[in-house]
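Thanks for making the time this morning. I would like to walk you through one model and then take up a single region of it with some care.

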Amino acid sequence: MSTRSGLLRTGSAVANPEQGRRTVREELLKKLIRQIVSGDIAEGSLLPNEAELSEVYGVSRTSLREAMQYLSALGMIRSRTRAGTSVLPRENWNYLDPMVLDATLEFSDDRSFYDSLLDARQLLEPAAAAQAAANATARQLAQIAAAFEDMVAANARDNEAWSQADLEFHSAIINASGNWVFRQFATAIRAALLASFRLTNRASQSHDYAIARHQDVLDAIRMRRPDAARFAMEQLIGTARMELSDALRVGKPGKQQ
C-alpha cells in the first residue's frame, strides 16, 4: 500500500476543534503511530507536505507540527530541508513510549520484540534478586510476599489479576535491590513487562508450576541467600522464555482487551 493511500484511508478529522489543541495533537499522534507501526505508512516512505497532511487529518498546521516534533523525538520520522519528511526504520523507534508500545502489541508479530525484553530481564532481574536477598528491608520483603500471595489468590494464569500480581512481584524485587538504575529501568519498561506477562501467562505451563518457581525466588530472598535468589530468578525467566515460544506458536499475540 502506498503512503498516500494509507493516509487517505483515515477519513474524517481526528478530533473536534472544541476538544482542544492538546487532544487533537494526541489523537493525531495515536493515528500516525498506529499507521506507521502497522505498515500503512511504510518504513522509508516520504510523507506528503504539511499542507496535504493538515488537509488529510483535518488538523491545524500548529497541531501537525507538534505531532511531527514528537514523532521525530520517538525516532520514527526525520525531516530534512528540501528532502522532506521520511519514516525511519523501526530499529530507531522508541518502543518504550506508551503509544508506540500499544501499537506494537496490536500490530506486530515480530518475536524479536519479546526476545529483546527477555534478554534485558535475564541480565537485570537475577542480579536484582541477589541484591534483594542481601539488602531488602522487612517492609520490602513484605511487599514481595504480598505480591506473591496475590498471585496465589488469582487461581489461574489466564487472567488480568495474575498478570498484575506478577508485575508487582517482579517490581517489588527490583525495588528491594536498592539499585536506583535497576529501579529506573523497571519503571521505563513497566508497560512492556505487563504486556509480556499477559502473553506468557496464557501459555502452556500450569498455575502450580509457576507458583512453585516464584516461591523459589521468594524463599531465597527471605533466607538471605543471594546466589540461590539469582539462580531461582534465572530459572524463572528461562521458563518465561519457553512459555513465550509456546504462546507465539499458537498465533499472533494481539492486544489485551
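**Overview and a helix pair**

The protein chain has 12 helices and 2 strands as its secondary structure, where helices (H or I, at least four residues) and strands (E, at least two) are DSSP runs numbered from the N terminus. This is a predicted model, in which local features need pLDDT of at least 70 and side-chain atom pairs count only at pLDDT 80 or more, while totals for chains, interfaces and linings use all residues. Residues are numbered from 1 along each chain as its sequence is written, and side-chain values use heavy atoms, with hydrogens and water left out.

Of the 257 residues of the protein chain, 45% count as buried, meaning under 20% relative accessible area with a 1.4 Å probe, protein chains only.

Turning to H7, residues 138-154, this helix has 17 residues and reaches 25 Å from its first C-alpha to its last, close to the 24 Å expected at 1.5 Å a residue, the expected span being 1.5 Å times one less than the number of residues. Its buried residues include Leu 141, Ile 144, Phe 148 and Met 151, and among the elements that cover the buried residues of H7 are H6 and H8, with contact taken as heavy atoms within 4.5 Å. Just after H7, Asn 155 takes a positive phi of about 75°.

H6 (residues 111-135) and H8 (residues 160-176) themselves pack at an angle of about 60°, with their axes 7 Å apart; axes here are lines fitted to C-alpha atoms, for helices over the stretch in contact, and angles run from 0 to 180 degrees between N-to-C directions. Among the residues that meet there are Leu 124 and Ala 128 in H6 and Ile 173 in H8.

Conventions
Buried means under 20% relative accessible area, exposed over 50%, partly exposed in between (1.4 Å probe, protein chains only).
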